[in-house]
Amino acid sequence: MQYISNMASVKLTGAQYEKIVEVYMGMRKLLEMPNFNFKEMALNGVLQVCSANGFAR
C-alpha cells in the first residue's frame, strides 16, 4: 500500500498545473452538456492526453 501511495504523487511545474486546470475546465464543460453522448470516450481521451504529457503516471 505504501508503494502505491508513493507512486500516486506527481511533482508538477506551474505550467503543467495550469495545463491540467485548462484541460479539466474544458472537459467539465463538455460533460455538463446534456446532449453530449460521448462522455466515456472523452474521459478516456483526456486521460491519454494527461499521460502523454507526463501529468499522470
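Of the 57 residues in this protein, 11% count as buried, meaning under 20% relative accessible area, with exposed being over 50% and partly exposed in between (1.4 Å probe, protein chains only). This is a predicted model, where local features need pLDDT of at least 70, side-chain atom pairs count only at pLDDT 80 or more, and totals for chains, interfaces and linings use all residues. Residues are numbered from 1 along each chain as its sequence is written, and side-chain values use heavy atoms, with hydrogens and water left out.

**Fold and confidence**
- The protein has three helices and zero strands; helices (H or I, at least four residues) and strands (E, at least two) are DSSP runs, numbered from the N terminus.
- Read along the sequence, that gives the pattern α-α-α.
- Mean pLDDT (the predictor's confidence in each residue, from 0 to 100) is 76 for the protein, and 74% of its residues reach 70 or more.
- Confidence is lowest in helix H1 (residues 2-8), with a mean of 56, and highest in H2, at 84.

**How H2 and H3 sit together**
- The axes of H2 and helix H3 (residues 39-52) come within 10 Å and cross at roughly 175°; axes are lines fitted to C-alpha atoms, for helices over the stretch in contact, and angles run from 0 to 180 degrees between N-to-C directions.
- On the H2 side, Val 23, Met 27 and Leu 31 make the contact, and on the H3 side Lys 39, Ala 42, Leu 43 and Val 46 do; contact means heavy atoms within 4.5 Å.
- By class, that contact has six nonpolar, no polar and one charged residues; Ala, Val, Leu, Ile, Met, Phe, Trp, Tyr, Cys and Pro count as nonpolar, Asp, Glu, Lys and Arg as charged, and the others, Gly among them, as polar.

**Residues to look at**
- Leu 30 lies in helix H2 (residues 14-32) and is partly exposed, at 29% relative accessible area.
- Leu 30 and Ala 42 are twelve residues apart along the chain, with their C-alpha atoms separated by 8.4 Å.
- Val 49 is in helix H3 and is partly exposed, with a relative accessible area of 39%.
- From Val 49 to Ile 20 is 29 residues in sequence and 9.9 Å in space, C-alpha to C-alpha.
- Phe 38 is partly exposed as well, at 49% relative accessibility.
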